[in-house]
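Here is a short briefing for a first look at this structure. Begin with the sequence and the fold below.

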Amino acid sequence: MLPYHFPRYLLDILDDGLYSSIHLRHVGCGILVSDLERFTHSFHQVVVEVGAIINNVLAISVEYRLAPEHTIPACYDDAWAVMKWVAQGTDPWLKTHADFSRVFLAGDSAGANIAHNMMMRASVDEDKHTIGLRLVGMTLIHPFFGNDEPNKIWTYICPENPRSDDPRFNPTVHPSLLSRLVCPKVLICTAGSDFYKDRGWTYYEALKGSGWGGEVEIRETEVEDHVFDLVDTNFENARCLMKWLADFFHQTG
């Protein structure tokens, strides 16, 4: 498992300047379909569009093992391995071009769930595996979180603990953990017709009331459905969402 990156021969001819931020992006689909299987082109298009607005974002797309062959916590362990790899600074191109003092975690759907869990893991990282990274923000797009009701997908991918109060799936029932988020800013994006819309709003309210000292913002696209921005990246509302992300990255840190 490796983070996605440009072919080395392309990196050699790119500009020698420093990228202003690192963007670790996780794509979801219920942790059952990989971003490399379906959404690779859409993800790259989002990166291009956001990068065109703020010029210099370095994005690392995390490929993780999938259920049902690899159940929870495989996806979290793989994403954590990528964070540690980035923090170690062993890749010479990253070491030269990346600004490790402005690192964002982001994700769509289940990828947003993974991003949250990586931020939580970094927040309680007693072994300091990510000490080389300054985590300045997190964006959760149409996050796949649970509520008080049983969830068939979570039960399927996490047979070890299918309960809906697992903090990895339903962080809002654990405000003491939310209060420990290490990043100072969070942006949550929801869609008006998304079945999971209320989970994003519940997370927003829980984070605000947890005692966490950061700044959280929520934005909703009316009418649209779950991960609409990856279905058609040229759609007007998708471009609007990209602008929200670009503004957040530009103004944070």
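**Strands and crossover**

Strand β6 (residues 185–191) pairs with strand β7 (residues 215–221) in the parallel sense, over seven bridges. Strands pair if DSSP finds at least two bridges between them. This is a predicted model: local features need pLDDT of at least 70, side-chain atom pairs count only at pLDDT 80 or more, and totals for chains, interfaces and linings use all residues. Residues are numbered from 1 along each chain as its sequence is written, and side-chain values use heavy atoms, leaving out hydrogens and water.

- A191 stands opposite T221 in β7.
- From β6 the chain crosses through helix α8 (residues 197–208) to β7. This β-α-β crossover is right-handed: with the strands pointing away from the viewer, the path from the first strand over the helix to the second runs clockwise.
- Helices (H or I, at least four residues) and strands (E, at least two) are DSSP runs, numbered from the N terminus.

**F228**

- F228 lies in helix α9 (residues 228–231).
- F228 is buried, with a relative accessible area of 7%. Buried means under 20% relative accessible area, with a 1.4 Å probe and protein chains only.
- Beyond its neighbours within four places in sequence, F228 is in contact with H142, A191, T221, N237, A238 and L241. Contact means heavy atoms within 4.5 Å.
- The C-alpha atoms of F228 and L241 are separated by 10.0 Å.

**Helix α10**

- Buried residues in α10 are A238, L241, M242, W244, L245, A246, F248 and F249.
- Just after α10, G253 takes a positive phi of about 100°.

Methods: Buried means under 20% relative accessible area, exposed over 50%, partly exposed in between (1.4 Å probe, protein chains only).
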